[in-house]
Amino acid sequence: MAQEILEIIAKAEGDQELLDGFLKKAKDLINYDWWGMYILNEETNQYEVRAKSNEAKKIETNIDFLIEDGIIDWVLRNYKPRFISPITDNLHFFIIPIVIAKKTIGFVVFKISSKQAFNKNLHSLSLQATLLGLMFQGTMYRESVWDKVNKLKFLMEIAQKITFSTNVDRLLESIMEVLNNTVRTKYSCISLLDENKKLILKKSSDFKWPIKPTEVCYFVINHAKPIHISDFKQDIRFKNSMEPSNLRNVLSFPLKTQNTILGALTLYNRLGLPDFTKDDFIFLFALSNQAALAIKLISLYDELKKAYKETVLALAEAIEAKDPYTRGHIERVTRYALMLAKAMKFKPSDIETLEFASLLHDIGKIGISEAILKKPGKLTAQEFREIMKHPVIGEQIVKKVSFLKKASIIIRQHHERFDGNGYPDGLKGKKIEKLSRILAIADAFDAMTSERPYKKRLNIEQALEEIKRNKGKQFDPEICEVALKVFG
Ligand SMILES: [Fe+2]
Ligand SMILES: [Fe+2]
């Protein structure tokens with residue numbers, strides 16, 4: 001008999017062949033109607049079906065019944081294959097426990113049509129079942145290891161996304177993406193507290209009910225710790241909840257940093273497994289902590305940015321106070337420049353640099369004498385040379401502030417011309433930063449369309465005509481085209 005098994009293993013070309021050999025032998029020996037092989041998942045402590053014949057529904061209902069009734073357990077405890085006729089004379093099973101070193105790792109159930117007697121050939125079938133069981137257990141471990149590796153990979157990816165994330169919405173999107181690829185559930189949601197301590201649903205999948213104070217999310221926030229509910233319907237703490245009646249299990253985590261609770265991450269009804277596992281818990285705990293930290297950092301960063309912008313605005317106003325003819329100029333130039341950059345689909349960080357650069361583009365005028373700035377008539381060549389220093393002075397002032405370093409270059413180049421006849425460096429074409437080329441058009445457009453003591457204002461059509469005339473000379477032709485559309 002052992003010889004026979006060894007031959008089967010030696011000749012088998014793969015897992016499928018081992019399985020086919022086993023089933024052929026079983027068909028010959030007991031002429032089964034259908035069959036199923038279950039292997040113990042040590043993480044969930046549940047038997048999971050790993051192979052079976054095609055009548056899926058019938059098999060699962062029958063095997064569930066055999067498990068629930070304790071019949072499987074009874075067979076497993078005896079470590080021996082058995083014929084069983086549990087209810088009527090018409091329902092017969094042959095059950096083979098898969099036992100390795102006195103440890104049951106699974107079982108095979110065959111549904112047969114008639115009662116049979118045990119014969120010694122069935123021992124070799126049982127050995128083959130053990131072999132198959134080992135094979136499936138190996139696959140299961142491999143899957144479990146891969147599952148862990150994948151989760152770790154996602155966690156690292158999210159850590160990276162979080163580090164570079166400056167936008168809460170995009171961050172939450174990445175988290176939902178991670179969830180969909182790791183711990184699959186029927187419903188999931190991320191909710192954040194607003195200023196009034198009310199939970200607002202930010203991202204969700206299939207989640208359609210309102211978040212009321214009786215819900216799990218609020219419970220988690222009020223208790224400031226995670227919760228795992230294995231049988232939701234039986235949990236009296238949520239008997240007034242509006243959550244749907246088909247909820248089985250729930251896992252919810254507060255999104256909290258050291259001393260602030262920001263919201264909750266909640267998952268409902270684990271898919272693919274009967275309940276959430278210890279691994280799910282550890283993974284999601286790490287994920288929610290990381291998410292909370294990132295949300296906090298983003299909001300701190302946003303506050304900081306707001307404070308920066310206010311400082312920059314105050315500085316910008318200081319220039320206008322010095323040069324009263326240009327009142328409103330900075331605000332308008334900034335608006336025009338951003339309109340162009342947005343139309344040209346620049347990325348948010350570039351748009352931000354351009355915003356700072358526009359607000360501060362003439363800050364160098366702080367270093368120019370008021371007599372020249374306020375002079376009503378035409379400037380002399382000497383006076384004009386003085387004025388021409390303002391882009392460099394501006395750059396010198398601004399570059400000392402680390403978050404304005406990029407903007408300082410844009411400021412230096414805002415009077416360069418596309419044809420190379422600008423100042424201070426006489427840069428030509430694409431040698432000039434693109435953001436400076438945008439700023440140059442925005443600056444000129446506002447200068448043309450506003451009244452100055454030494455010149456009359458042009459209307460929009462005239463200004464656009466002027467831009468068209470200077471296409472490829474003073475201005476970048478590509479940006480000219482955009483300006484004609486955006487300002488027209
Ligand atoms: Fe300027
Ligand atoms: Fe200007």
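Q: Let's start with one pair: which residue of β7 stands opposite Cys 189?
A: Cys 189 faces Ser 204 in β7. One thing to keep in mind as you read: this is a predicted model, in which local features need pLDDT of at least 70 and side-chain atom pairs count only at pLDDT 80 or more, while totals for chains, interfaces and linings use all residues. Residues are numbered from 1 along each chain as its sequence is written, and chains are lettered from A and ligands numbered from 1 in the order in which they are written.

Q: How many bridges join β6 to β7?
A: In general, strands of a sheet pair through backbone hydrogen bonds, either parallel or antiparallel. Here β6 (residues 185-193) is joined to β7 by six bridges, and the two run antiparallel. Strands pair if DSSP finds at least two bridges between them; strands (E, at least two residues) and helices (H or I, at least four) are DSSP runs, numbered from the N terminus.

Q: In what order do the strands of the sheet come?
A: The open sheet has five strands, ordered β7-β6-β10-β9-β8, with antiparallel pairing. Because β7 (199-205) and β8 (227-229) stand at the edges with a single partner strand each, one side of each has no neighbour in the sheet. From one strand to the next, the twist averages 15°.

Q: Which strands does helix α7 touch?
A: Helix α7 (residues 216-223) packs on the sheet and touches β6, β7, β8, β9 (250-256) and β10 (261-270), its direction making about 45° with that of β9. Helix α8 (residues 278-322) packs there too, touching β8, β9 and β10 at about 30° to the direction of β9. Contact is taken as C-beta atoms, placed from the backbone, within 7 Å; angles run from 0 to 180 degrees between N-to-C directions, along axes fitted to C-alpha atoms, for helices over the stretch in contact.

Q: At what angle do α9 and α10 pack?
A: Helices α9 (residues 329-343) and α10 (residues 348-360) pack at about 160°, their axes 8 Å apart. That makes α9 roughly antiparallel to α10 (over 145 degrees; under 35 is roughly parallel, 65 to 115 roughly perpendicular and the rest oblique). Among the residues that meet are Val 333 and Leu 338 in α9, and Ile 351 and Leu 354 in α10.

Q: Which residues make the contact between α8 and α10?
A: The two axes come within 8 Å and cross at roughly 25°, so α8 and α10 are roughly parallel. Val 312, Leu 313, Leu 315 and Ala 316 of α8 contact Phe 356, Leu 359 and Leu 360 of α10.

Terms used. Two residues are in contact if their C-beta atoms, placed from the backbone, lie within 7 Å.
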